Each structure stands twice: as structure tokens, then as C-alpha cells.
Amino acid sequence: IEDSVGAHHFDQTPKRVAVLAWELAEQVIELGVVPIAMPEVQQYQQWVVKPAIPETVEDLGSRDEPNLEKLMQLKPDLILIGYSQSDIRNQLEKIAPVLYFNSYSKDHDNVEAVTWGFKELAKLFDKQDLAAKKLAAMNARIKVLGEELQQTFGSPLPKVTTLRFASKTSVYLFGDNSISQYVLKQMGFDPALPQENSQWGVTQTRLRELRKVGEGVVLYFKPFDQEEQLRMSPLWNAMPFVKVNHVNSVASTWTYGGAMSIGYVAESLAVSLREVAMRSTKIEPDKAVVMN
């Protein structure tokens, strides 16, 4: 198979797989492969949620600085790493063979990259048929969600962009090269606040920039532990979209995940968009919709 470095040959399918990046943990679990270990299990359960982590998976500590001593004791026959672990690749190769998938980069299309990685791992684990069926079902589902939302909102559709809160006064706007914007485009929605291409598909900006949304709809991904404080903020309450109740949250869904996260993001955004639509019989076509 190939990874982001080049071609690799395996005489047999690896059985004891350690995964040091969340998006790669998603990829293998979706393929029916249970990793022996991965980092930050509890945080994954809060931020990523799906797919669920099997109870047998050991926790390796931090994604940036995994516990190499524990990893060595677990005796993996394969280690999967992402961008955050690329600087310790040489150390990891002393423990077991390493495959490196640089899933998120400014220099490529992130959706294409995670899909390619999913297919390459499917080859390794002899799961090509399963991967093909899952990808086809996901793409068909996104198309259906788009058709349903288009009927719900009517024509023309409102513009939509997405974000996460960094704090009560700062946000990460999703733009080019993000899973979120890709999903919205597939469902028929154009971005309200276009952002330039970046490694993770996000641009950090001040909260006050959201005034440009007007009376559009703002949706933000959870978790955000300052929601209550935000609701008390004069700056937030002065936003036009807040005044007209065109704001909603999105259930915790990982926007920097593997191939199947594309479908999970689509489902979560669709639920939140439907809730917004229920509050308004008509959204003016010239009004922007910002979703997080």
C-alpha cells in the first residue's frame, strides 16, 4: 500500500495496530479493525464521539507526546501516525513499522486525502469491499440530506458557513479545505463568509467579524464550555442573527476526522439546519447563514 511517504509492502495483515492520530483511529475502527492503543481516549469521546472506541483500547496519553514506553510494552506490529506525530517517526520505527498519513495539509484537498487514506488502509486490512460500500452509502446519504434541506428552505437557499468557538471573543471560521464547507457545498449551500484555503480549513478571527452575517443563521459545533457566559455577552447579544434567533449549536462531531466523519458532519449540520428552519418560515436569500 501507499502512505504519504511512499509505497510499503506487507507479507501479512497486521494484527496489533497502534494508532496515534484520531482521524486514523476513526479510519481503522470504521473498517472493523480494533486498535490495541490510541491517545486521549476520554477527549476523543467528548469531541469526536463517532465511531465509538472499543473498551479494549489502551490509552497512550497525549497525541503530541504519546507514551512510547507503554507503546513498546504493547508490542504493536504496526503504528499509524498523522501530522502531529511526524517529528517522532524515527523513534517509532524502532518499535514497529510505521505508516504516515498526512491527512490535513494546505497543499492538498483534505477530503480527497482522508478518502484516499481510507482506501489505502482498506487494502492493508483486506477491507476494500467494506470501504467501497461505506463510501457509496455516505455519499448517497449526503445527497438525500441536501435534497431534504432544499425542500425545507425553498429556493434560493441561504448561504452557510461554519465555525467553532475559541473563546467568548474569538472564533475559528471554516472555509476552503474544510470538511464542513465541503459537506455544505455537496448539500447545495454556498459559504456566507468565504475563507482562504488552510491546513485545517479554518481561519481564526475576532467574534465581532460575525456582524457581517447580518440576520443570517449562525451554527456552532459543540463542545463549548462557555456557552452560558456567551449568552450574557453584550457583544454577542448585539449580533443581528442573535436578535432574530437565527443561531443554533451543532452536536459534537469531529471536523478534522477520517472519511466517515464527512457523513457524520453532514448529519449533524442537517439536524441543526432543520431546527433553524423551523423557527422561520422564510430566510431572505440575501441573508447569510453562518454555521459552526
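Analyst: Begin with accessibility: a residue is buried under 20% relative accessible area, exposed over 50%, and partly exposed in between, with a 1.4 Å probe and protein chains only. This is a predicted model, in which local features need pLDDT of at least 70, side-chain atom pairs count only at pLDDT 80 or more, and totals for chains, interfaces and linings use all residues. Residues are numbered from 1 along each chain as its sequence is written, and side-chain values use heavy atoms, with hydrogens and water left out.

User: Is Lys75 buried or exposed?

Analyst: Lys75 counts as exposed because its relative accessibility is 64%. Helices (H or I, at least four residues) and strands (E, at least two) are DSSP runs numbered from the N terminus; in those terms Lys75 sits in the loop between α3 (68-74) and β4 (78-81).

User: What should I look for in the backbone?

Analyst: Most residues other than glycine have a negative phi, and most peptide bonds are trans. Lys75, not a glycine, has a positive phi of about 50 degrees. Asp126 also has a positive phi, near 55 degrees, and is placed in the loop between α5 (110-124) and α6 (128-153). With 60% relative accessibility, Asp126 counts as exposed.

User: Which residues does a cis peptide bond join, with omega about -5 degrees?

Analyst: That bond joins Lys50 and Pro51, and Pro51 lies in the loop between α2 (41-47) and β3 (58-59). Another cis bond joins Lys222 and Pro223, with omega about 0 degrees; Pro223 belongs to the loop between β9 (218-221) and α8 (227-231).

User: How do I read a nonpolar core?

Analyst: A nonpolar core is a set of buried Ala, Val, Leu, Ile, Met, Phe, Trp, Tyr and Cys residues joined through side-chain atoms within 4.5 Å. The largest one here has 60 residues, and Leu80, Leu121 and Phe189 have the most contacts inside it. Its largest share, eight residues, comes from helix α11 (residues 261-279). A second, separate core has 17 residues, including Leu193, Leu207, Val213 and Val218.

User: Leaving aside neighbours within four places in sequence, which residues is Phe189 in contact with?

Analyst: Contact means heavy atoms within 4.5 Å. With those neighbours left aside, Phe189 is in contact with Leu149, Phe153, Leu157, Pro158, Val160, Leu184 and Leu273.
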